[in-house]
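Please read them alongside the coordinates.

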Protein chains: 2
Amino acid sequence: MPQGQPAAVPNDGLTTRQRRNKPLLVVHTGDGKGKSTAAFGLALRGWNQGWRIGVFQFVKSAKWRIGEQTVLERLGRLHEETGEGGPVDWHKMGSGWSWTRKQGDAEDHAAAAVEGWAEIKRRLADETYDLLVLDEFTYPLAWGWIDVDDVVTTLRERPGRQHVVITGRRAAPELLEAADLVTEMTKVKHPMDAGQKGQRGIEW
Amino acid sequence: MPQGQPAAVPNDGLTTRQRRNKPLLVVHTGDGKGKSTAAFGLALRGWNQGWRIGVFQFVKSAKWRIGEQTVLERLGRLHEETGEGGPVDWHKMGSGWSWTRKQGDAEDHAAAAVEGWAEIKRRLADETYDLLVLDEFTYPLAWGWIDVDDVVTTLRERPGRQHVVITGRRAAPELLEAADLVTEMTKVKHPMDAGQKGQRGIEW
């Protein structure tokens with residue numbers, strides 16, 4: 001983690017405390033592994049702060065239940081049982097978003113992505129969560145399913161103190177421009193280069 | 001996550017299944033954020049598989065309890081209570097390793113690092129864990145406190161199926177050479193560049 005003093009004190013009219021508590025837009029991009037894993041690691045940390053966690057999984061996510069979903073939902077139930085940590089909602093696009101009962105349009109990924117973004121906008125307006133993870137959200141943007149300008153404007157104008165983490169390759173320049181924190185995960189070496197397939201517990 | 005077929009089928013005499021279940025040495029390096037967070041995310045995933053998780057935190061770790069420690073230890077207790085997931089041991093260098101009662105040498109970081117590595121070697125030989133996270137382990141290597149060749153040889157020869165994840169900047173070339181999977185986290189943009197300090201829930 002970065003330590004010490006910031007490189008410059010900005011002339012933004014905010015106190016250190018206000019600046020410290022600024023809601024962050026975080027982007028994990030690049031071709032390497034760890035983008036989603038680090039985002040769910042942040043969710044873990046946020047849960048421990050008692051934050052309300054909302055995960056929206058676009059694309060891959062949808063088809064199966066990854067380990068993080070099981071664990072974070074378990075932590076959400078622990079919160080209900082004991083009051084520890086915070087509540088967790090996990091929404092995924094796969095076979096229809098969890099807030100809808102529609103299963104029929106599961107094949108229309110573009111429509112499902114648009115529906116997901118519309119819900120995220122509602123949640124942001126309502127300040128439902130303290131931390132939102134928009135997993136692999138860069139893809140529906142890159143494919144033109146969701147309007148980048150709408151996303152950037154909505155995020156810039158979100159009320160209150162809502163942290164947002166977006167993951168995925170090929171993040172739009174406008175999104176990077178709007179982000180407070182951007183990390184690029186670069187693949188240096190991967191077992192698949194040596195002919196090895198993905199394995200349980202490591203890849204999912 | 002990487003999908004599809006590996007680029008080449010290696011001529012290593014292993015079956016696909018053997019190759020798939022090969023224990024991995026994973027390194028998260030680079031100057032960006034997410035190295036440790038992604039490693040703890042993998043621990044989360046491993047816990048969900050019922051793996052025995054051992055975390056060894058070098059350096060920073062030591063001084064305070066980060067969110068991941070609270071949550072992963074809580075998941076370890078959940079395992080004891082309900083049998084869900086796997087057991088979790090969290091060892092940190094800070095004020096003396098948890099398996100020793102010595103507090104006196106907390107100031108001698110080089111000696112504490114050497115002691116930590118000796119314990120890791122014993123655990124590897126005993127196959128105590130299915131996943132070991134050696135957090136910020138690159139630093140005692142970079143500082144010459146622990147011998148890189150000893151580490152690489154020990155890891156190459158570790159018995160059974162023990163995954164090892166090592167995090168930290170400036171990973172030694174020998175370590176990268178020995179690793180199966182290396183991701184470099186690169187800082188593209190960070191709030192501290194804009195004069196913002198770290199904040200709870202995001203940085204720790």
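1. The side chains of Ser36(B) and Asp135(B) make a polar contact at 2.5 Å; such a contact is a pair of N or O atoms within 3.5 Å, where within protein one must be able to donate a hydrogen and the other to accept it, and residues adjacent in sequence count only if both atoms are side-chain atoms. Ser36(B) belongs to helix 2 (residues 35–48) of chain B; helices (H or I, at least four residues) and strands (E, at least two) are DSSP runs numbered from the N terminus. With a relative accessible area of 8%, Ser36(B) is buried (buried means under 20% relative accessible area, exposed over 50%, partly exposed in between, with a 1.4 Å probe and protein chains only).

2. On provenance: this is a predicted model, in which local features need pLDDT of at least 70 and side-chain atom pairs count only at pLDDT 80 or more, while totals for chains, interfaces and linings use all residues. Residues are numbered from 1 along each chain as its sequence is written, chains are lettered from A and ligands numbered from 1 in the order in which they are written, and side-chain values use heavy atoms, with hydrogens and water left out.

3. An open sheet of 12 strands with mixed pairing has the order 3(A)-2(A)-4(A)-5(A)-1(A)-6(A)-6(B)-1(B)-5(B)-4(B)-2(B)-3(B); two strands pair if DSSP finds at least two bridges between them. Strand 3 (88–92) of chain A and strand 3 (88–92) of chain B stand at the edges with a single partner strand each, so one side of each has no neighbour in the sheet. On average, neighbouring strands of this sheet are turned by 15° against each other, direction ignored.

4. Strand 2 (residues 53–57) of chain B runs parallel to strand 3 of chain B, and 5 bridges join them. Within this chain, Gln57(B) has Lys92(B) in strand 3 as its bridge partner. Helix 3 (residues 67–82) of chain B packs on the sheet and touches strand 2 and strand 3 of chain B, its direction making about 145° with that of strand 3 of chain B (contact means heavy atoms within 4.5 Å; axes are lines fitted to C-alpha atoms, for helices over the stretch in contact, and angles run from 0 to 180 degrees between N-to-C directions).

5. Val148(A) lies in helix 6 (residues 148–156) of chain A and is buried at 14% relative accessibility. Leaving aside residues up to four places away in sequence, Val148(A) touches Leu141(A), Ala172(A) and Glu174(A).
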